[in-house]
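I opened a notebook page for this protein and wrote down what I looked up, in the order I looked it up.

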Amino acid sequence: MYVDFDTDPLLVIYGESESGKSALLRLIAQRIADQHQPHEALLLVGDYRRGLFGHLPQDHVLHYASAVGALEQGLAQLGLLLGTRMPTEGTTAEQMRARSWWQGPEVFVVIDDYDLVALPSGNAIHHT
């Protein structure tokens, strides 16, 4: 299997309980760390069951959230960071294609057990 996050930035993993979804997320996180230095790629992790805790490349973890408030806080901080990366009116089409108008690491948002995040009472991802 091959995932190119430059062309397909979203990946959703479906499966039954105990089917290996968390193991796949651990593998993907490790491959990101293998291919990028921490200044090139970071992970923002939502992991309410703590199934990824202790199994991620720690130097690549920007924020680890094991509860709703922590995830909301991390996503809010990420929103501020990404807001600084918005292209300005002076950004050229060439800069847009090359993604050269901003600097900093790519940030990968990893949510394990999304069903615990997306509840009828609210969704931490929608609050940001």
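**Entry 1: the whole chain.** I count a contact when heavy atoms lie within 4.5 Å. The model is a predicted one. I took the contacts in the protein with a separation of 6 or more, and residues 24 or more positions apart account for 50% of them. I then noted the extent of the C-alpha trace, which spans about 50 × 35 × 25 Å along its principal axes. The accessible surface comes to about 8600 Å², and 54% of this belongs to carbon and sulfur atoms. Of the 128 residues in the protein, 29% are buried.

**Entry 2: the elements.** I listed 4 helices and 5 strands. Along the sequence I read the pattern α-β-β-α-α-β-α-β-β.

**Entry 3: strands β1 and β3.** In which sense do β1 and β3 pair? I found the parallel sense, over 7 bridges, with β1 at residues 41-47. I looked up L42 and found that its bridge partner in β3 is V107.

**Entry 4: the nonpolar cores.** I looked up the largest nonpolar core and found 12 residues, including L25, I28, A29 and I32, as well as A41, L43, V45, F108 and V110. Two or more residues each come from α1 (21-35), β1 and β3. Which of the elements gives the most to this core? I noted α1, with 4 residues.

**Entry 5: helix α2.** I checked the length of α2, residues 68-83. At 1.5 Å a residue, its 16 residues should span 22 Å, and the end C-alpha atoms are 22 Å apart, so the two values agree. I noted L71, G74, L75 and L78 as buried residues in α2. Why do I place them on the same side of α2? They cover an arc of only 100° around the axis, and therefore they sit on the same side of the helix. I also looked up what covers the buried residues of α2, and the cover includes β1, β2 (61-65), β3 and α4 (114-117).

**Entry 6: two residues in one loop.** I looked at D59, which lies in the loop between β1 and β2, and at H60, which is found in the loop between β1 and β2 as well. Is H60 buried or exposed? Buried means under 20% relative accessible area. H60 has 4%, so I wrote it down as buried. Not counting residues up to four places away in sequence, H60 touches A33, H36, Q37, P38, A41, L42 and L43. For D59 the cut-off I needed was the one for exposed, over 50%. The relative accessibility of D59 is 52%, so D59 counts as exposed. Leaving aside neighbours within four places in sequence, D59 is in contact with P38 and L42. Last, I looked up the distance from D59 to A33: the two are 26 residues apart in sequence and 8.5 Å apart in space, C-alpha to C-alpha.

Definitions and conventions. Residues are numbered from 1 along each chain as its sequence is written. This is a predicted model: local features need pLDDT of at least 70, side-chain atom pairs count only at pLDDT 80 or more; totals for chains, interfaces and linings use all residues. Side-chain values use heavy atoms; hydrogens and water are left out. Two strands pair if DSSP finds at least two bridges between them. A nonpolar core is a set of buried Ala, Val, Leu, Ile, Met, Phe, Trp, Tyr and Cys residues joined through side-chain atoms within 4.5 Å. Buried means under 20% relative accessible area, exposed over 50%, partly exposed in between (1.4 Å probe, protein chains only). The expected span of a helix is 1.5 Å times one less than its number of residues. The arc is that of the directions from the helix axis to the C-beta atoms. Accessible areas come from the Shrake-Rupley method with a 1.4 Å probe; for residues, only the protein chains shown count as cover.
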